Amino acid sequence: MEQEKAVVLDDQAIRRALTRVAHEIIERNKGVEDCVLVGIRTRGIYIADRLAERIQQIEGKSIEVGELDITLYRDDLSVKSEDCQPEVKGSDIPYSITDKRVILVDDVLYTGRTVRAAMDALIDIGRPAAIQLAVLVDRGHRELPIRADYVGKNIPTSSGEKIVVELAEVDQKDKVSIFEK
């Protein structure tokens, strides 16, 4: 049984973190020309939408947002039980990513395996000029040499802890919590 240990970000802290990340994206890329946001299913999509909204407010320019389903690119598919087939929802990237700066967006960066799978999926879709990574939470414990370019909050955790991100679009509230396993 998992038990909530602490709330590390409430709705206001999430809003502030995403506003800061939006500013950092604009600053690092000297605007948003030739940039696109691609959210990793499921919660990464909603974070990407929120970032696009903030970039529009700050810069007065819209940035395209796409959705990436990495189900078939995961390296743990063979470990999943055979009766449990992965549900593929499909990617929705209605624009070319070739020669664009793609900002991959996810909720939590942990081992780096999800991001590696997402990069494989992106490369199959097109050839971006660059891939950057934006995450709401970086909890450490990397197994691959991957790091985020933009981090809402670094939350060092033990391997016995779990980060749970709740977003209003899915969970009816905005909150990031640490649970004890």
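Analyst: Two strands count as paired if DSSP finds at least two bridges between them. Helices (H or I, at least four residues) and strands (E, at least two) are DSSP runs, numbered from the N terminus. The model is predicted, so local features need pLDDT of at least 70, side-chain atom pairs count only at pLDDT 80 or more, and totals for chains, interfaces and linings use all residues. Residues are numbered from 1 along each chain as its sequence is written, and side-chain values use heavy atoms, with hydrogens and water left out.

User: In what sense do β5 and strand β6 pair, and over how many bridges?

Analyst: They pair in the parallel sense, over four bridges. Strand β6 covers residues 150–154. β5 also pairs with β4, again in the parallel sense, over eight bridges. There, Asp106 stands opposite Val135 in β5. The chain crosses from β4 through α3 to β5, and this β-α-β crossover is right-handed. The test for that: with the strands pointing away from the viewer, the path from the first strand over the helix to the second runs clockwise.

User: How many of the residues of β5 are buried?

Analyst: First the scale. Buried means under 20% relative accessible area, exposed over 50%, and partly exposed in between (1.4 Å probe, protein chains only). Seven of the nine residues of β5 are buried, so the rest of the structure largely encloses this strand.

User: What about β8, and which strands join it?

Analyst: Strand β8 spans residues 175–180; five of its six residues are buried, so it too is largely enclosed by the rest of the structure. Strand β1 (residues 3–9) runs antiparallel to β8, joined by five bridges. Ala6 has Ile178 in β8 as its bridge partner. Strand β7 (residues 161–166) is also antiparallel to β8, with six bridges. Here Lys162 stands opposite Phe179 in β8.

User: Now the helix in the crossover. How do I read its sides?

Analyst: The general idea comes first. An α-helix has 3.6 residues a turn, so residues three or four places apart point the same way. Now the case: in α3, Val115, Ala117, Ala118, Ala121 and Leu122 are buried. They cover an arc of only 160 degrees around the axis, which puts them on the same side of α3. That arc is taken from the directions from the helix axis to the C-beta atoms. The face turned away from this buried side carries the exposed residues Ile123 and Asp124.

User: What covers the buried residues of α3?

Analyst: The cover includes β2 (35–40), β3 (64–68), β4 (101–109) and β5 (130–138). As for Met119, this residue of helix α3 is partly exposed, at 28% relative accessible area. Contact means heavy atoms within 4.5 Å. Leaving aside neighbours within four places in sequence, Met119 is in contact with Leu104, Ile131 and Ile146.

User: How far does α3 reach from its first C-alpha to its last?

Analyst: Helix α3 (residues 113–125) has 13 residues and reaches 19 Å, close to the 18 Å expected at 1.5 Å a residue. The expected span is 1.5 Å times one less than the number of residues.

User: How do I find charged pairs?

Analyst: Side chains of opposite charge can pair when their charged atoms come close. A salt bridge needs a side-chain nitrogen of Lys or Arg within 4 Å of a carboxyl oxygen of Asp or Glu. By this rule the count comes to 16 salt bridges. In one of them, Glu4 pairs with Lys175, with the closest N and O atoms 3.1 Å apart. Glu4 lies in strand β1 and Lys175 in strand β8, so the pair ties together parts that are 171 residues apart in sequence. Glu4 is partly exposed, at 35% relative accessible area.

User: Which residue forms a salt bridge with Arg50, and is Arg50 buried or exposed?

Analyst: Asp174 is the partner, with the closest N and O atoms 2.9 Å apart. The pair links distant parts of the chain, 124 residues apart: Arg50 is in helix α2 (residues 43–59), Asp174 in the loop between α4 (168–171) and β8. Arg50 is buried, at 11% relative accessible area. Asp174 also counts as buried, at 18%. Elsewhere, salt bridges that share partners join Glu4, Glu166, Lys173 and Lys175 into one network.
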